[in-house]
Amino acid sequence: MEKKTFYITTPIYYPSDKLHIGHCYTTVAADALARFKRLAGYEVFFLTGTDEHGQKIERRALAAGKEPKEFVDEIVAWIKNLWKLLDISYDDFIRTTEKRHMQAVQKIFQKFYEQGDIYKAKYEGWYCTPCEAFWTERQLVEGNCPDCGRPVELVAEESYFFKMSKYVDRLVEHIETHPEFIQPVARKNEMINNFIKPGLEDLCVSRTTFKWGIPVPFDPDHVIYVWLDALSNYITALGYMSEDDSLLKTFWPANVQLIGKEIVRFHTIYWPIFLMALGLELPEKVFGHGWLLLDDGKMSKSKGNVVDPIVLIDRYGSDAIRYFLLREISFGADGHFSEEALVQRLNFDLANDLGNLLNRTLAMLKKYFDGRIPERGEAGPEDEELLQEAAMLPQKLEALMDELQLSGALAELWKFIGRANKYIEETAPWALKKAGKESRLQTVMYNLLESIRFISVLLSPFMPKTPIRIWQQLGIANYPELHTWESLKTFGGLPAGISTQPGEVLFPRLELTAEGGPVRQATKKDKPQTTKQPQKAKEKQTEGLISIDEFARVDLRVAEIKEAEKVQGADRLLKLIVALGEEQRQVVAGIAQHYQPDELIGKRVIFVANLKPAKLRGIVSEGMLLAASDDEGNLTLVTTEAPIKTGSKVK
Ligand code: MSP
């Protein structure tokens with residue numbers, strides 16, 4: 001049977017500066033898609049690289065007192081290292097300064113010229129160097145670049161022009177007859193209405209006022225316009241115009257070209273027109289994703305450590321960063337980045353939902369079956385839904401990934417994690433044990449372990465390091481056949497008799513420190529021992545204990561819940577208004593899975609009144625309710641035993 005192929009590309013990055021966390025989104029998303037398709041049995045070619053020519057880079061190099069090539073070499077090495085840290089599994093990394101690319105681009109330019117698509121004329125107009133984009137007077141917004149808002153420069157020079165007009169009708173027809181070509185649909189409408197309908201002008205495709213670019217082969221005073229140079233990478237990397245174009249034959253046209261929304265114009269107008277002029281097919285889908293923004297606006301490197309991907313990977317680990325990026329930017333929309341939001345996702349989704357499922361299951365297995373995977377025994381009514389959902393999960397995720405709904409696919413996977421956690425509550429293994437229902441207990445434990453295996457395999461495209469850690473704990477690290485797509489065809493592949501190896505917590509809960517950066521939250525293991533203490537130095541015995549004065553610093557009060565509502569887009573959060581005597585406070589509490597908003601009104605709870613305010617999902621939270629939770633996922637608010645005035649101090 002012929003193998004299905006899948007060609008996916010990212011834009012090639014400008015090595016003009018080190019990248020920030022927002023830049024990482026395109027490449028992490030493309031990597032997750034590439035890995036997913038490989039898992040699903042496709043022969044994948046995943047291309048990324050760097051866009052190294054043009055006036056912007058030349059000026060940056062000059063400012064740094066370096067030759068352009070020396071300047072880009074350093075940043076390209078930094079970018080490659082970043083991709084390694086983020087587990088980016090590219091098949092090729094193309095640099096536009098490589099000979100293979102430069103020669104092919106010259107041949108492309110020559111071909112355009114020979115077939116009459118290019119003519120020489122004088123260009124007079126505006127140029128935005130940061131965007132490397134030409135603009136007409138009418139397109140400027142208050143005299144600035146309409147894309148980035150920065151000042152433009154007046155350019156007047158002799159240039160070669162590409163006859164866009166020759167192909168524009170074919171392009172419009174293609175866009176109209178291939179609704180999947182420009183995704184999401186809103187971007188398609190924007191292209192047609194804002195750029196094509198007002199009249200597409202011929203594009204200036206060479207420059208003469210600087211040198212850092214690929215020379216026009218028949219007129220070496222000109223360098224080829226950097227976007228024509230850069231866009232060609234998607235085919236030059238496959239050997240187009242070289243002696244060996246077998247990769248092109250196998251993989252072109254691309255299945256998905258993933259790009260940020262600000263460069264959709266280049267990829268859905270110029271790029272398809274160049275391809276038409278070359279007689280090549282157009283890519284199946286160009287997807288313009290949203291941006292990752294900071295609360296106070298656009299991301300930039302000048303925001304320092306908080307957006308530095310290497311600092312963040314070092315603090316939280318690459319899988320947590322990948323998870324955050326993929327989950328936070330939903331289909332086509334913008335997402336928000338803050339370290340608080342990152343820590344929150346880490347604590348809720350990774351530590352609580354996923355981590356607890358594994359821990360609880362392995363802890364119960366140890367207690368009930370000495371850590372060994374049991375045979376399945378008696379079936380029960382709670383099994384049906386779990387098994388059905390597990391069986392549908394791979395196809396569900398694949399359909400979402402095909403629509404590029406990466407965040408949606410993760411949400412679906414987490415829904416199943418939630419389902420498995422609920423299965424624990426429904427079946428109550430501890431009660432089965434107590435009642436001596438051994439055979440039923442075997443089935444329940446088996447189904448949980450097999451569900452975790454399903455989750456781990458489907459998680460691997462998104463978080464490549466975590467599944468390996470889960471497989472080690474399940475005792476199946478050396479069973480590669482249990483890590484495959486095929487192995488998800490039957491629920492029940494996990495062999496009985498294997499000894500599990502509960503290991504370290506997958507994702508410890510973290511807290512942000514005032515200085516920035518996380519610390520681990522105290523866990524049971526961190527707490528001081530109270531029994532059988534060996535004789536140690538005195539300070540050792542009191543390590544971890546606090547004095548009465550330290551305790552008194554926590555201002556605990558009785559509060560009454562006045563209002564409660566769900567926080568949109570956050571399954572676990574409720575926004576509450578509580579009264580402390582005369583005062584009212586707003587607080588965001590992670591209790592939505594345990595309480596309905598209505599049942600909370602009027603409850604008197606214990607409230608931490610002197611906690612520094614924090615923002616959760618953009619909502620300010622001024623305090624915290626006390627709640628107790630156990631290993632089995634139960635949670636209850638701490639309330640007062642008898643009526644007492646709100647605002648009363650708790651000591
Ligand atoms: N060199 C061009 C692309 C040429 S492709 C033929 C370029 N490079 S870039 O380095 O500026 O951007 C690379 C990618 O990073 C783009 O997809 C861009 O959208 C993405 N991002 C840059 N900042 C971003 C965010 N804040 N959030 C999400 N993606 C962002 O453009």
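**View 1. Helix H5 packs against helix H10 in this predicted model.** Helix H5 (residues 168-177) and helix H10 (residues 264-278) meet at an angle of about 110 degrees, and their axes are 10 Å apart. That makes H5 roughly perpendicular to H10 (angles of 65 to 115 degrees count as roughly perpendicular, under 35 as roughly parallel, over 145 as roughly antiparallel and the rest as oblique). Axes here are lines fitted to C-alpha atoms, for helices over the stretch in contact, and angles run from 0 to 180 degrees between N-to-C directions. Helices (H or I, at least four residues) and strands (E, at least two) are DSSP runs, numbered from the N terminus. Look for Arg170, Leu171, His174 and Ile175 of H5, which meet Thr268, Ile269, Pro272, Ile273 and Met276 of H10 (contact means heavy atoms within 4.5 Å). By class, this contact of H5 with H10 has six nonpolar, two polar and one charged residues (Ala, Val, Leu, Ile, Met, Phe, Trp, Tyr, Cys and Pro count as nonpolar, Asp, Glu, Lys and Arg as charged, and the others, Gly among them, as polar).

**View 2. Helix H1 crosses helix H14.** The axes of H1 (residues 24-39) and H14 (residues 383-402) come within 11 Å and cross at roughly 135 degrees. That makes H1 oblique to H14. From H1, Ala32, Leu33, Phe36 and Lys37 touch Pro394, Leu397, Glu398, Met401 and Asp402 of H14. Six nonpolar, no polar and three charged residues make up the contact of H1 with H14.

**View 3. Residues gather around the ligand.** Of the 23 residues around the ligand, Ile12, Asp51, Gly260, Glu262 and Leu292 come nearest (a residue is near if one of its heavy atoms lies within 4 Å). A polar side-chain atom of Glu262 lies 2.8 Å from an oxygen atom of the ligand. A polar backbone atom of Gly260 is 3.0 Å from a ligand oxygen atom, and a backbone N or O atom of Tyr14 lies 3.2 Å from one.

View 4. Pro184 sits in the loop between strand S7 (182-183) and helix H6 (185-196). Pro253 belongs to the loop between helix H9 (246-251) and strand S12 (256-260).

**Notes for all views.** Residues are numbered from 1 along each chain as its sequence is written, and side-chain values use heavy atoms, leaving out hydrogens and water. In this predicted model, local features need pLDDT of at least 70 and side-chain atom pairs count only at pLDDT 80 or more, while totals for chains, interfaces and linings use all residues.

Conventions:
A polar contact is a pair of N or O atoms within 3.5 Å; within protein, one must be able to donate a hydrogen and the other to accept it, and residues adjacent in sequence count only if both atoms are side-chain atoms.
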